[in-house]
Amino acid sequence: MSEDLLDCLVIGGGPAGLTAAIYLARFHLKLRVVDAGSSRASLIPCTHNHAGFPDGISGEELIARMKAQAQKYGAAIETGRVTRLDRDEGGFVAEWGSGRATARTVLLATGVTNRRPAMDESLHDEALARGLIRYCPICDGYEVTDKKVGVIGSGGHGVAEAVFLRGYTADITLIAPHDSHDVAAEDQERLRELGITVVDGPCHAVAALEDAIVVETAGGHHTFDSVYPALGSDVHSELAGQIGVALNGETGCILVDSHQRTSVPGAYAAGDVVLGLDQISHAMGEGGVAATTIRNDLAKERPLLRAG
């Protein structure tokens, strides 16, 4: 391997990856973060669940603060999308559009991407920024208390999200993304008992008003204060697959032990690519655990001693 060897390459610059970078830099380890710039956290208009920010903080500002903190302690952060990851003698080799790096260890914090509803991209981004579209009821269900809410989804996942949001408001409509709902009989009965309206699709969000979003379905237009797409997520575990890391066969998430180690020695993972809980605090906690494990595992191979 190259003599210019990193102790750790962190792939992904969201809450998990940047938390790990802060820890690793403060452990006096040589690291680099390669970030594609598409962290879901950066899209959050304002998160009110993050402890320590009673008035909330935007995802963009939080990520910027975390980057600055990591860089303050010497972490190198580079923009790029890693497209190739290989195992090499003694570590790993990663390649991206403008660079290449070799490292003793690698931390995969590549996250997931929410599947979007059928709508114009610019309309989606505007509605997301204004809270007319929301993706995480755990994060911001409080903000739709007693509001009129639409949930775009079907099957067990759509039902579960609609039922969860019923704890915040009595006005819930579950809309099929395609022609009709695929809902089990027992779930249909549960929806009726909870007073959740069920509407067939297909659906298409067509307009963002001053304080509402309009969704068009086969049966007509519906206006909501906010809409939650419950369409699932795509897990970014391709790089893990390239080096033979074991994945969850059902979800595609990376399997790790209680210290964030994957099935491949020297490879670790943290954040939503491990478990799609969609919580910043959870991802940050995993990042801290992973970084500490990396430091301790490296110390078993060679003493980490500060020069006198």
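**View A. Gln-260, a buried residue with a positive phi.** With a relative accessibility of 6%, Gln-260 counts as buried (buried means under 20% relative accessible area, exposed over 50%, partly exposed in between, using a 1.4 Å probe and protein chains only). Its phi is near 75 degrees, a positive value in a residue other than glycine. You will find Gln-260 in the loop between α7 (238-242) and β16 (267-269); helices (H or I, at least four residues) and strands (E, at least two) are DSSP runs, numbered from the N terminus. This is a predicted model, where local features need pLDDT of at least 70 and side-chain atom pairs count only at pLDDT 80 or more, while totals for chains, interfaces and linings use all residues. Residues are numbered from 1 along each chain as its sequence is written, and side-chain values use heavy atoms, leaving out hydrogens and water.

**View B. Asp-146, an exposed residue with a positive phi.** Here phi is near 60 degrees, again in a residue other than glycine. Asp-146 sits in the loop between α4 (137-140) and β8 (148-152) and has a relative accessible area of 67%.

**View C. The buried side of helix α2.** Look here for Gly-59, Leu-62, Ile-63, Met-66 and Ala-70, the buried residues of α2. Seen down the helix axis, they fall within an arc of 95 degrees (taken from the directions from the axis to the C-beta atoms), so they line one face. They pack against α1 (15-26), β3 (76-79) and α8 (280-301), with contact meaning heavy atoms within 4.5 Å. Exposed Glu-60 and Lys-72 are on the face turned away from the buried side.

**View D. A cis peptide bond at Pro-202.** The bond from Gly-201 to Pro-202 has omega near 0 degrees. Pro-202 belongs to the loop between β10 (197-199) and β11 (203-208).
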